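Dear colleague,

Please find the sequence and the structure below. The notes that follow set out what was found in it.

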Amino acid sequence: MISKTFNRYIWLLNILLQEKIIIFNEISRRWKKSKMGDNIPMPLRTFHQHRCAIEELFGVKIKCNISNGYKYYIANPEVLKKDKTRKWLLNSFSLSNMIIAGHNMKDRILFEDVPHGSEYIQTVIDAMQQSKELTIDYQPFYGHRKLYTIQPYAMKAYHQRWYIVGFIKELDAIRNIALDRLLEISITELPFAFPENFNAEKYYENTVGIFINNNLSPVKVKLKAYGYQIEYLRSLPLHKSQRETPCKHREFSV
């Protein structure tokens, strides 16, 4: 379980993200009303301790505008927008925070089922940090059970599944392995050198999803959207290259 102190950091950060700029008395009032404050106003000393911790954990700087009534604001909001890992962590902790704070909400907040495999994430990260190869017992949806040795280069989440991206010795190629198809995984003592020319973002830059076909070149795809679907595509692009081009019915180019 996430510590109560850490939950308080997330609560404070979300208040500042939501309000953009806010006086301390209003923060203290909301703190008292929330589950975080136990019906006690937030002490100023606690606020400053929390803002320092938030900067250390997330790189988010909370500053005070003295000329505008001593109002607090986030000085570098772009940090969370540009750093996908920090943004993902904040979103995950924020949801966990809300559920813990409101125990009676557990039957009213519904999640999509996440396949088996998340228990292997820490082992994969450890192997990546140590630059050690992994042995995996892999059962694909179609085909026979296989034993592989993989050099883990990166990890990617897609549609509630986690994947290892790395060089598989037995296939002599870079492949994606879904964690939910693993039966067993272990770190070996065999080191590997992470290739200097591999960049996970670049590896997937021309792909929607997880699978890469090195025999195909990127192509431009045009989609026509109508009505409310236009706003869906604007708010959640299919790919970072998506661009809107004017036409009679609004056409999107990806």
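Helices (H or I, at least four residues) and strands (E, at least two) are DSSP runs, numbered from the N terminus. The model is predicted, so local features need pLDDT of at least 70 and side-chain atom pairs count only at pLDDT 80 or more, while totals for chains, interfaces and linings use all residues. Residues are numbered from 1 along each chain as its sequence is written, and side-chain values use heavy atoms, with hydrogens and water left out.

Two loop residues deserve a note. D172 is found in the loop between β6 (161-168) and β7 (173-178), and its phi is near 55°, a positive value in a residue other than glycine. Y70, in the loop between β2 (62-65) and β3, also has a positive phi near 55° and is not glycine. D172 is exposed, at 59% relative accessible area, and Y70 counts as exposed at 52%; exposed means over 50%, buried under 20%, and partly exposed in between (1.4 Å probe, protein chains only).

Turning to the interior, a nonpolar core is a set of buried Ala, Val, Leu, Ile, Met, Phe, Trp, Tyr and Cys residues joined through side-chain atoms within 4.5 Å. The largest one has 23 residues, and those with the most contacts inside it include W11, L16 and F47. At least two residues each come from α1 (4-19), α2 (24-33), α3 (44-58) and β3 (71-74), with α1 giving the most, eight. A second, separate core of 15 residues includes A127, I164, I168 and I177.

Yours sincerely
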